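Thanks for coming, everyone. I have one model to walk through today. Let me put it on the screen.

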Amino acid sequence: MTTRSETRTALDHLLTEIEHRNPAQPEFHQAAHEVLETLAPVLAARPEYAEPGLVERLVEPERQVIFRVPWQDDQGRVHVNRGFRVEFNSALGPYKGGLRFHSSVNLGVIKFLGFEQIFKNALTGLGIGGGKGGSDFDPHGRSDAEVMRFCQSFMTELYRHIGEHTDVPAGDIGVGGREIGYLFGQYRRITNRWEAGVLTGKGAGWGGSLIRPEATGYGNVLFAAAMMRERGEDLEGQTAVVSGSGNVAIYTIEKLAALGANAVTCSDSSGYVVDEKGIDLDLLKQIKEVERGRVDTYAERRGASARFVPGGSVWDVPADLALPSATQNELDENAAATLIRNGVKAVSEGANMPTTPEAVHLLQGAGVAFGPGKAANAGGVAVSALEMAQNHARTSWTAVRVEEELTHIMNDIHTTCHETAERYDAPGDYVTGANIAGFERVADAMLAQGVI
Ligand code: NDP
């Protein structure tokens, strides 16, 4: 019988090896630490998981593709970007995970996102494996025609690695409905196949699911509401700080309002806006989704209730709830201390790994309900899987039906994380609950399928 401390020592060795074998990938190291540090109890309780090198296989992607993406700007100049697709684990289904277009993208970032995706997808209870991809291409300030040429060049290599039964990408930072459209068009042209299930996040008129654009933000608010219910509270009348102003942030703000809470901030990489009356969603959507503008324009047009703070930390604004919805490591220890001082009750991650490990520790120690991204933001990939199901059946469901399914799935994920945490002596610790519950599902499938 292996003890928890022996298991922890073995996991520490493995983490050291991961750092040696994957140099200069700090985000991947961080994600591996975050998961492996919580697995000792389950590995000690179920030694069959330790035997066939299961965790060692889990931390090594099944396949990693890196490719050149040349494209021409509107002046005819040639640019060369780098494309990535990391197909991490397919024990539960085809690889599934978004594409990120952002200047900060590198292999380590894509591996952290792909690794997280394995457990997130497992938590949804749907048949999807984990993967992630993207490019260091920066779409800011590029014309539609430039974005289209980039997407076409990107897909000219990516198409050979994906397919409805193999790997099904979707959007992420810098990849929304416009980019998915251009990517799908090029896939169709190259393959001569109208293969709806190869990409999710498609337009509602050509194979997309209703509620997919809303799903990540709505799902995160539903998860936050479930955490608050555990504390005997609801969202009615609560004030919320939200970071970001993209897909996840916008639909987080929308769902908060629908459940009676008031989001008073949004942000982008130029700074943040605080609006005492609550964010005017129509105005924010007009500026961000239609004009592709910056958040300072929001403050200019909104009038006296709103002000723009260049730089600075959105977490300085007092609130009951915090929903980070921009990017990784955006909420650090100092920000967590400020939130705690200001009386925050719950932090729920819309973004992937937005909270640093030190900040998570501080929040949990202070009794703040903390929802990790792999559970709290799983609504997006869950509705992507529902989009795949609709594509397969050549049908489309009503918005009401999709939202009911989403609500069901988010409540199930909350219950699973909560109960798993209790089962492993960590009541109220959603990080441990999410990691162990996701791990158990993937590990059981890997065990059954042999050493591959
Ligand atoms: P979008 O591109 O729609 O929006 C991203 C927002 O975050 C923008 O406001 C952007 O500002 C801001 N942002 C991005 N990078 C930085 C940075 N380095 N510093 C400051 N601000 C930044 O992306 P999404 O809303 O789709 O994604 C947001 C987060 O949610 C990501 O972590 C993503 O992985 C995660 N997520 C997304 C899902 C989805 O379905 N879309 C599903 C699950 C998780 P600016 O325009 O100035 O760059």
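Start with Ala 24, which sits in the loop between α1 (4-21) and α2. Helices here are DSSP runs of H or I with at least four residues, strands are runs of E with at least two, and both are numbered from the N terminus. Ala 24 has a phi near 60°, a positive value in a residue other than glycine. With a relative accessibility of 73%, Ala 24 counts as exposed. Exposed means over 50% relative accessible area, buried under 20%, and partly exposed in between, with a 1.4 Å probe and protein chains only.

A word on the source. This is a predicted model, where local features need pLDDT of at least 70, side-chain atom pairs count only at pLDDT 80 or more, and totals for chains, interfaces and linings use all residues. Residues are numbered from 1 along each chain as its sequence is written, and side-chain values use heavy atoms, with hydrogens and water left out.

Now helix α2 itself, residues 26-36. Of its 11 residues, 8 are buried, so α2 is largely enclosed by the rest of the structure. Which residues of α2 are buried? They are Glu 27, Phe 28, His 29, Gln 30, Ala 31, Ala 32, Val 35 and Leu 36.

Arg 394 also has a positive phi, about 50°, although it is not a glycine. Look for Arg 394 in the loop between α15 (379-392) and α16 (399-423). Its relative accessible area is 73%, so Arg 394 is exposed.

Next, the domains. The protein divides into domain 1 (4-59), domain 2 (63-195) and domain 3 (215-376). Those bounds come from an automatic or database domain assignment. How far apart do the C-alpha centres of domain 2 and domain 3 lie? The answer is 27 Å. Their contact takes 13 residues from domain 2 and 10 residues from domain 3. Contact means heavy atoms within 4.5 Å.

On to the ligand. There are 24 residues around it, and Asp 172, Thr 216, Ser 269, Arg 294 and Asn 352 come nearest. To be near, a residue needs one heavy atom within 4 Å. Domain 2 and domain 3 each give at least three residues to this shell. By class, the shell has 4 nonpolar, 15 polar and 5 charged residues. Nonpolar covers Ala, Val, Leu, Ile, Met, Phe, Trp, Tyr, Cys and Pro; charged covers Asp, Glu, Lys and Arg; the others, Gly among them, are polar.

A ligand oxygen is 3.0 Å from an N or O atom in the side chain of Arg 212. A ligand oxygen is 2.9 Å from a polar backbone atom of Asn 247. For Val 248, a polar backbone atom is likewise 2.9 Å from a ligand oxygen. The elements that give two or more residues to the shell are α8 (212-230), α9 (247-258) and β8 (265-268).

Gly 237 is in the loop between α8 and β6 (239-242). Gly 237 counts as exposed, at 60% relative accessibility. Leaving aside residues up to four places away in sequence, Gly 237 touches Gly 260, Ala 261 and Asp 320.

Ala 322 lies in strand β11, residues 321-323. Buried or exposed? Ala 322 is buried, with a relative accessible area of 0%. Beyond residues up to four places away in sequence, the residues that Ala 322 touches include Val 241, Trp 315 and Val 344. The C-alpha atoms of Ala 322 and Val 344 are separated by 7.2 Å, at 22 residues apart along the chain.

Notes
Polar contact = N/O pair within 3.5 Å; in protein donor to acceptor, adjacent residues only side chain to side chain.
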